[in-house]
Amino acid sequence: MIKLLHCGDIHLDSPFSLLEREESLSRRDELRRTFLEMLAFAQKEDVRVVLIAGDLFDHGFATADTVNLLCDAFSAMSDTYFVITPGNHDAASAGSAYLSERFPANVTVFTDETLSYVDYDDLALRVWGYGFTAERLEKSPLMGQSLAVEGKTAVLCAHADLGVPLSKYAPLSSADLAASGLCYAALGHVHNPPEPKRFGKTLTAYSGCLVGRSYDECGFGGAVLVGIEDGDVVECKRVSFAHRRYIVDELSVEGAASDDDILSALNLHIASASYGEETALRVLLTGPIDPNYTPNLTAITKPASANLWQLELIDQTLPIWGSDYLERDPSIRGALYRTLLPAMQTGTPEERARAVAALRLGLSALEGKL
Ligand SMILES: [Mn+2]
């Protein structure tokens, strides 16, 4: 069996520009360390080829430290082949490390937009690939060609946008993959990967990102370990390497009338999901709550976040719980409530937020609290 490790969207040297300097440096370091841990895993598992399907770097230019670190790691694994296909973030354009640096002999970088291949005769394996040479690659690189080759296993390593015909990032169709006759298509570009899927003979997978960098990239990131025997994929499993993750959950706090009510519900949610210091958690608080109560998110966040890496609360509750009395209220309070209710229930998120704020302000004002 030939083992391949398929990774991508690593985004080394990401700026993490929203963070303080120290924190962003440590996050960059964490990314590099996780990549090296993935390589150590590949070595332990006797992986023969590591496929890096684009966006190894976050930009076309990479720091000298990072490039040196990679070259050292690649040359230390001289029995392993590495294939790199530049993506839209790390295109092989002027100034790119892919064009200016000399990578070790066991590394192949595809620096041309045209499909080409590298043969590993000792493995009877052909790896097809192409590289972005600019931020965009608007034509489909496969174009319905057959890529199968007699007596060899053929795989593709590429940064591509599957099933988005007008994509500016190497649009790839399921028909292209079905016609290719490839054994495996190792893709990069989609950071939250869907399940692997077969098109014709071709098992197609996205690696997803190696480490999530924000709430847009949830879960423990990782790579895909692929086992190939007699030209067929016999093993395809996702392996996590990230030590920390982002999670977004929705939590109903129906009937809450105080910060303590929300805090209890939140603590229960965190405990039942066993979230700890590895988790940055964003919670969308939802459900109808007491119209006379306005959540103080800062006061709730502090105690609830004690055992987490981070906690962020977003208030999407509606102040309409147990409000039959307001619905029937003949005074201006009832009129205000009835006027705002449709926007709170069926408006866009902005309309709902505005109506909620208006109701709270109005009720407070009518009670003389303002
Ligand atoms: Mn990417």
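Visitor: Which residues does I289 touch, leaving out those up to four places away in sequence?
Guide: I289 touches V253, G255, A256, T317, P319 and W321. Two residues are in contact here if their C-beta atoms, placed from the backbone, lie within 7 Å.

Visitor: Before I go on, where does the model come from, and how is the numbering done?
Guide: This is a predicted model, where local features need pLDDT of at least 70, side-chain atom pairs count only at pLDDT 80 or more, and totals for chains, interfaces and linings use all residues. Residues are numbered from 1 along each chain as its sequence is written.

Visitor: Thanks. Is I289 buried or exposed?
Guide: I289 counts as buried because 26 C-beta neighbours lie inside 10 Å. The cut-offs are these: buried takes 20 or more other C-beta atoms within 10 Å of a residue's own, exposed 12 or fewer, and partly exposed is in between, with C-beta atoms placed from the backbone.

Visitor: And where is I289 found?
Guide: In the loop between β16 (279–286) and α6 (297–304). Helices (H or I, at least four residues) and strands (E, at least two) are DSSP runs, numbered from the N terminus.

Visitor: How far is I289 from L4?
Guide: They are 285 residues apart in sequence and 52 Å apart in space, C-alpha to C-alpha.

Visitor: How is the chain divided into domains?
Guide: Domain 1 covers 2–240 and domain 2 covers 245–366, with bounds from an automatic or database domain assignment. The C-alpha centres of domain 1 and domain 2 lie 42 Å apart. Their contact takes seven residues from domain 1 and five residues from domain 2.

Visitor: What classes of residue does domain 1 put on that side?
Guide: The side of domain 1 touching domain 2 has three nonpolar, three polar and one charged residues. For the classes, Ala, Val, Leu, Ile, Met, Phe, Trp, Tyr, Cys and Pro count as nonpolar, Asp, Glu, Lys and Arg as charged, and the others, Gly among them, as polar.

Visitor: Zooming out, what are the overall dimensions?
Guide: The C-alpha trace spans about 85 × 40 × 40 Å along its principal axes. The chain has nine helices and 17 strands, and 37% of its 370 residues count as buried. Among contacts between residues at least 6 apart in sequence, 69% join residues at least 24 apart.

Visitor: Which residues touch the most other members of the largest nonpolar core?
Guide: Y184, A186 and L210 do, in a core of 70 residues. A nonpolar core here is a set of buried Ala, Val, Leu, Ile, Met, Phe, Trp, Tyr and Cys residues joined through C-beta atoms within 7 Å. Apart from that core lies another, of 16 residues, and I289 is among them, as are V253, A280 and I300.

Visitor: What does Y184 touch?
Guide: Leaving out residues up to four places away in sequence, Y184 touches V155, T202, L203, V226, I228 and V233.

Visitor: Tell me about V233. Which strand is that in?
Guide: V233 lies in strand β14 (residues 232–240). With 20 C-beta neighbours inside 10 Å, V233 counts as buried. V233 and T202 are 31 residues apart in sequence and 9.1 Å apart in space, C-alpha to C-alpha.

Visitor: Back to the helices: how do α8 and α9 pack?
Guide: Helix α8 (residues 332–346) and helix α9 (residues 349–366) pack at an angle of about 170°, with their axes 9 Å apart. That makes α8 roughly antiparallel to α9, a label for angles over 145 degrees. Axes are lines fitted to C-alpha atoms, for helices over the stretch in contact, and angles run from 0 to 180 degrees between N-to-C directions.

Visitor: What sort of residues make that contact?
Guide: They divide into 12 nonpolar, one polar and three charged. Among them are L336, Y337 and L340 of α8 and A355, L359 and L363 of α9.

Visitor: Last topic, backbone angles. What is phi of F16?
Guide: F16 has a positive phi of about 45° although it is not a glycine. F16 sits in the loop between β1 (2–7) and α1 (21–44), and is partly exposed, with 19 other C-beta atoms within 10 Å. A124 is another residue other than glycine with a positive phi, near 50°; A124 lies in the loop between β5 (116–120) and β6 (125–129).

Note on methods
Parallel < 35°, antiparallel > 145°, perpendicular 65-115°, else oblique.
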